[in-house]
Amino acid sequence: MLELIDKLYKKNYLEKEQLLYILNHIEVYGKDHLIKRAHETRMKTYGNKVYIRGLIEITNHCKMDCKYCGINIYNKNVDRYRLTLEEILICCELGYRLGYRTFVLQGGEDSYFRDDIIVDIVKSIKSKYPDVAITLSIGEKSYESYKKYYETGVDRYLLRHETASRRLFEKIHISSSYDNRMKSLLNLKEIGYQVGAGFMVGIPDQNKEDLAEDIIFLKKLDPEMVGIGPFIPHRSTIYKSEKSGTLEDTITMLALTRLYLPYVLLPSTTALGSIDPKGREKGLMAGANVIMPNLSPKSVRDKYALYDGKVSFGYEGAESIDCIRSKINSVGFQLDMSRGDNIKWRTNI
Ligand code: SAM
């Protein structure tokens with residue numbers, strides 16, 4: 001086991017069978033070593049920096065029917081909202097004053113936000129704050145729409161693949177197509193975005209082989225960012241009685257991802273912070289190097305409830321920058337307030 005982890009550390013690659021061996025045996029033996037090697041890798045690539053993004057949840061309207069998600073179209077208990085351009089700009093102003101230089105605009109797949117509206121939002125932010133990076137995360141769009149956003153100035157796009165297993169993907173989605181999700185990620189890469197893929201850990205019926213497939217898929221796609229978080233049930237979905245993914249399994253997947261993709265921007269996610277009060281710090285200690293506190297207006301934060309117990313205040317609130325900084329320092333890292341691009345992007349590393 002230790003030799004396999006060291007081989008991965010040196011070569012940033014293992015075959016799927018060897019990866020599966022690690023996944024099947026890691027809990028008994030090797031976990032500390034895996035985390036240590038992931039940490040060393042991150043220190044070699046990004047040092048002890050932690051990049052920070054202000055997350056603005058622009059809408060909780062969604063036309064999609066992802067079975068696990070609390071804002072899916074069938075959930076009639078959601079108090080739906082959409083932010084106006086003015087509200088989004090107020091969030092950016094607050095974030096900019098606090099020192100944030102990346103804004104992540106995320107939302108459900110909301111037909112109200114036509115391309116011209118998105119273009120208008122992006123242009124408004126970029127004209128006021130030309131030195132910020134904008135990340136968009138509004139789901140599957142056509143090649144032409146992705147291209148339009150990119151040409152307007154969007155720098156990065158997050159679209160988790162959710163699971164690389166076709167069987168599992170088709171089980172947890174009703175109308176989304178596995179092929180279209182994969183095609184969308186390839187389109188984003190081709191257009192030139194810094195692309196974020198990612199997956200949930202502990203999805204009902206997910207097995208170790210599915211998780212191994214996630215890593216092998218990521219290695220092939222070579223995204224600039226990867227979002228990994230535990231699945232957490234939402235009380236109004238059919239998975240309401242299922243168990244959450246665990247902190248332990250999520251940490252293992254973060255560490256493995258760091259070893260396969262040494263240069264990737266890897267958030268220690270809100271979902272991880274939501275299942276364990278020390279989840280964020282534990283993620284950072286296992287190779288993660290990004291955090292995305294919530295910069296949405298306080299009045300809507302509870303409405304963007306993807307799963308039960310999602311935290312968005314205190315340490316998860318963008319306004320708590322001093323508290324965030326001191327927590328990060330307490331585990332040996334330094335907050336980096338720059339745009340925080342992937343250092344390999346557009347280089348030949
Ligand atoms: N609509 C965009 C999309 O699909 O990419 C962005 C919004 S979507 C709600 C953001 C992410 O939330 C998804 O990629 C998914 O991984 C995560 N998510 C949704 N429901 C979740 C749950 N029950 N537990 C953990 N993560 C969840």
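Reader: How do strands of a sheet pair?

Author: They pair through backbone hydrogen bonds, either parallel or antiparallel. Now the case here, in a predicted model. An open sheet is built from 3 strands, ordered β8-β1-β9, with parallel pairing.

Reader: Why is one side of β8 and of β9 left without a neighbour in the sheet?

Author: Both β8 (290-291) and β9 (334-336) stand at the edges. Each has a single partner strand, so one side stays without a neighbour in the sheet.

Reader: Which residues does the Radical SAM core domain span?

Author: UniProt, in an unreviewed entry, places that domain at residues 48-269. The span is 39% helix and 17% strand. Its end C-alpha atoms lie 18 Å apart.

Reader: Now the ligand. Which residues come nearest?

Author: There are 18 residues around the ligand, and Y68, G107, R160, E162 and I232 come nearest. The shell divides into 10 nonpolar, 5 polar and 3 charged residues.

Reader: Where are the ligand's nitrogen and oxygen atoms placed against Y68, R160 and I232?

Author: Start with the backbone. A ligand nitrogen is 2.9 Å from a polar backbone atom of Y68. A ligand nitrogen is also 2.7 Å from a polar backbone atom of I232. Then the side chain of R160: one of its N or O atoms is 2.9 Å from a ligand oxygen.

Reader: How much of the ligand does the protein bury?

Author: Taken alone, the ligand exposes 550 Å², and the protein buries 93% of that.

How values were computed
Residues numbered from 1 in each chain as written. Predicted model: local features only at pLDDT ≥ 70, side-chain atom pairs only at ≥ 80, totals over all residues. Heavy atoms only, no water. Near = heavy atom within 4 Å. Polar contact = N/O pair within 3.5 Å; in protein donor to acceptor, adjacent residues only side chain to side chain. Areas by Shrake-Rupley, 256 points an atom, 1.4 Å probe, with all protein chains shown as cover. Nonpolar A, V, L, I, M, F, W, Y, C, P; charged D, E, K, R; others polar. UniProt positions renumbered as here; feature names shortened; annotations may be inferred. Helix = DSSP H or I, 4+ residues; strand = E, 2+ residues; numbered from the N terminus. Pairing = 2+ DSSP bridges.
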